[in-house]
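I keep these notes for a reader who is new to the structure. They record what I looked up, entry by entry.

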Amino acid sequence: DKSKSGSRGALVVIEGLDRCGKTSQSSRLVKNLDELGYPAELFRFPDRNTVIGQMISSYLNSDSQLDDRTIHLLFSANRWEKRSLMESKLQSGITLIVDRYAYSGVAFSSAKGLDIEWCKAPDMGLLAPDLVLYLDISPEKASERGGYGGERYEQLEFQKKVAQSYQVLQDASWKIIDANRTVEDVEEHMRDIVLDYVKTCRNGKSLSQLWL
Ligand code: Z5A
């Protein structure tokens, strides 16, 4: 066990288009870190288990209709309701692997035509990730993978706009991962990158606030 007293875990966000492999890779990453002796936990947004998360889930399944700005603010609130829990886990030394975060919020809403600065505002001050891994795949290729087309947003033309919105959001914390490779190749690549960040955070890098 490599738990080290007083050192924090890393906040690692996984982003990308629908079907890029985020969910498969996030759980593999948590398992790999745990096996190497670095405690890790999975978070996922939207977190459909809260009351706000249930409203989001019903919207995504098209069981309810909401104004574009209203649903945007609900997605953000769903992250804010987890902020203090995430901070205490990080401070206790647990690395968090987060399947989607504020970048999804902004990419999807701005792809609908909402102003990007307006979209970013409600997420300002959330915990800033130490690392964002963007699983890069073309919208066409992603659409060929299993189960596409069930939920709202799972349409090729819309996913193309989302891909453009993501590009605008890239900053120094991002690393682009080629998600066209086999599950195992992507897994190995991600594990090696994340291990470096976990070690850096244990050596005293402080947490900061997103987009402030
Ligand atoms: N949304 C938003 O608008 N605002 C926000 O603030 C947030 C989200 C947080 C629900 O998200 C929707 O909410 C989402 C964005 C929006 N809408 N869309 N599109 P979600 O995370 O709950 O759902 P999702 O993005 O649709 O996740 P997903 O469908 O589970 O996809 P994934 O996690 O990227 O992929 P996967 O499940 O790991 O893999 C998909 C399939 O591909 C599966 O059959 C795998 O076996 C296969 N796969 C995975 N990797 C590979 C490789 N390397 N090769 C071949 N096949 C592979």
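Is Tyr153 buried, partly exposed or exposed? I found Tyr153 partly exposed, with 13 other C-beta atoms within 10 Å; a residue counts as buried if 20 or more other C-beta atoms, placed from the backbone, lie within 10 Å of its own, as exposed if 12 or fewer, and as partly exposed in between.

Before going on, I noted that this is a predicted model, in which local features need pLDDT of at least 70 and side-chain atom pairs count only at pLDDT 80 or more, while totals for chains, interfaces and linings use all residues. Residues are numbered from 1 along each chain as its sequence is written.

**Backbone entries.** Most residues other than glycine have a negative phi, and most peptide bonds are trans. Tyr153, which is not a glycine, has a positive phi of about 80°, and I located Tyr153 in the loop between helix H7 (139–143) and helix H8 (156–169). Helices (H or I, at least four residues) and strands (E, at least two) are DSSP runs, numbered from the N terminus. I also looked up Trp211, a residue other than glycine whose phi is positive, near 55°; Trp211 sits in the segment after H9 and counts as partly exposed, with 15 C-beta neighbours inside 10 Å. The peptide bond from Phe45 to Pro46 is cis, with omega near 0°, and Pro46 belongs to the loop between strand E2 (40–44) and helix H2 (51–60).

**Helix pair entry.** I then turned to helix H1 (residues 22–35) and helix H9 (residues 183–202), whose axes come within 10 Å and cross at roughly 55°; axes are lines fitted to C-alpha atoms, for helices over the stretch in contact, and angles run from 0 to 180 degrees between N-to-C directions. H1 and H9 are therefore oblique to each other, since angles under 35 degrees count as roughly parallel, over 145 as roughly antiparallel, 65 to 115 as roughly perpendicular and the rest as oblique. Among the residues that make the contact are Arg28 and Leu29 of H1 and Met190 and Val194 of H9, where contact requires C-beta atoms, placed from the backbone, within 7 Å.

**Core entry.** The largest nonpolar core has 46 residues, of which Val12, Val98 and Leu133 touch the most other members; such a core is a set of buried Ala, Val, Leu, Ile, Met, Phe, Trp, Tyr and Cys residues joined through C-beta atoms within 7 Å. H9 gives the most to this core, with six residues. Leaving aside neighbours within four places in sequence, I found Leu133 in contact with Val12, Ile14, Lys175, Ile177, Met190 and Ile193.

Technical notes: Contact = placed C-beta atoms within 7 Å.
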